[in-house]
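Keep the sequence and the model in view as you read.

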Amino acid sequence: MNREIRDQFPILGREVNKRPLVYFDNAATTQKPERVIASLGHYYRSMNSNIHRGVHALSQEATEAYEGVRKQVAQFINASSHREIIFTRGTTESINLVASSFGKKFLAPGKEVLISAMEHHSNIVPWQMACEASGAQLKVIPVNDRGELMLEKLPSLLSPKTAIVAVTHISNALGTVNPVKEIIAMAQQHHIPVLLDGAQAIPHMEVDVQALGVDFYCFSSHKMYGPMGIGVLYGREGLLDQLPPYQGGGEMIEKVSFEHTSYNELPFRFEAGTPNVGDAIAFGEAMYFILETGYQKIAAHEKHLIEYTEEKLRQREGIRFVGSAKERAGVISFLVNNIHPYDIGMIMDKFGIAVRTGNHCAQPLMDQYGITGTIRISFAVYNTTEEVDQALKALDKAIDMLR
Ligand code: 7TS
């Protein structure tokens, strides 16, 4: 039992329906360690101030702390400069920023955007909107029955028409780890930029944007032990430099007159208005938590939990795994007989077990499998095999009741 890690997460001590909480909905959002919660409190108790504009001490302290986290993010993902790190509200906003700005500059009738069949809605809908606005067309890399991208189809989908490839690094619904290096290499042969939705990858594995050679990488703090409301868009500087601003307002300008406005330099050009200073600073603590725990330890522990759980599930009758890709991380998606996932989730909750049921914001993928949803167990570093045992006991009771 990883007591030292669990003790850092106060919420894990609470009860739900008079049972100890077992939190297996980490792909939706992870819980927060005390140091993240304390950092947020400390910011508002002792430092709160608007940044970049004040000569006074608080404003300077807050600015330094906020910009410090930007540099920390750059290091965390090995970006070549802090100018490539844009703070957003999260993955969804990061993708919308690119779809909107990149779309205005590079999408037009005759151009195509290539996504995959396993995308979260937030890597589908912004591109549909950009295509609608520009007259470009959306194309989709198919997924096989195991839940793997059909990479062999990629060469025929890439053409001079392709403006951008936007795919998820890890699927939130199936846990498939996509062969992103191969995808990027193929796109690069045609000089096509690649955006990766890293929301489900960066909580589980080290990400090096330069080693990947990726052009845009999007992620959310709240899925990696940090607060909600803050996330990152990494963009290669040479590409970001070419994009028009996303939102207009304060902070993103250099000089404003009624006749003409000139825009600020990177990264501020893409951060209109007062940013989420407090959550950014607390996000810094979340990254320290990950680094101090170590990705190797996180990945090894979660792999063990997945193998343990799958083995136990396999011993039961009527379990159908949804997604059996060779490379998987973070989540297990399954169905039991013909029982509706929602009913199982409801009963498990009565036993204090938090699992996610539904389509996981990936309706097109569920349509392909001919299902409306799955039961999804998703792990974080603080979960234990004892918790898995408790969850499976609750699952057995649910199956008994619903049979
Ligand atoms: N992309 C992927 C792959 C995701 O899993 C999610 C959220 C998002 C984008 C959107 O992130 P946000 O922070 O902007 O909301 N995924 C889930 C999930 O699996 N259950 O709840 C949210």
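Strand S5 (residues 112–116) is mostly covered, with 5 of its 5 residues buried. Buried means under 20% relative accessible area, exposed means over 50%, and partly exposed lies in between (1.4 Å probe, protein chains only). Strands are DSSP runs of E with at least two residues, helices are runs of H or I with at least four, and both are numbered from the N terminus. The model is predicted: local features need pLDDT of at least 70, side-chain atom pairs count only at pLDDT 80 or more, and totals for chains, interfaces and linings use all residues. Residues are numbered from 1 along each chain as its sequence is written, and side-chain values use heavy atoms, with hydrogens and water left out.

Which way do the side chains of S5 point? Glu112, Leu114 and Ser116 point one way, while Val113 and Ile115 point the other way, and all are buried.

S5 pairs with two strands, S6 and S7. Pairing requires at least two DSSP bridges between the strands. S5 and S6 (residues 137–141) run parallel and are joined by 5 bridges. Serine 116 has isoleucine 141 of S6 as its bridge partner. From S5 the chain passes through helix H5 (residues 125–134) to S6, in a right-handed β-α-β crossover. Right-handed here means that, with the strands pointing away from the viewer, the path from the first strand over the helix to the second runs clockwise. S5 and S7 (residues 162–168) also run parallel, joined by 3 bridges. There, leucine 114 has valine 165 of S7 as its bridge partner.

Now the helices. Axes are lines fitted to C-alpha atoms, for helices over the stretch in contact, and angles run from 0 to 180 degrees between N-to-C directions.

| Helix pair | Angle | Axis distance |
|---|---|---|
| H4 (residues 91–106) and H5 | about 15° | 9 Å |
| H11 (residues 295–314) and H14 (residues 385–402) | roughly 30° | within 10 Å |

H4 is therefore roughly parallel to H5. H11 and H14 are likewise roughly parallel to each other. Angles under 35 degrees count as roughly parallel, over 145 as roughly antiparallel, 65 to 115 as roughly perpendicular and the rest as oblique. H4 and H5 cross in a right-handed way, and H11 passes H14 in a right-handed crossing. A crossing is right-handed if the near helix is turned clockwise from the far one by less than a right angle, and left-handed if anticlockwise.

Last, the cysteines. A disulfide is a pair of cysteine sulfur atoms within 2.5 Å. By this rule there are 0 disulfides. Cysteine 218 is in none; the nearest cysteine sulfur, that of cysteine 131, is 16 Å away. Cysteine 218 is buried, at 0% relative accessibility. Cysteine 361 is partly exposed, at 34%.
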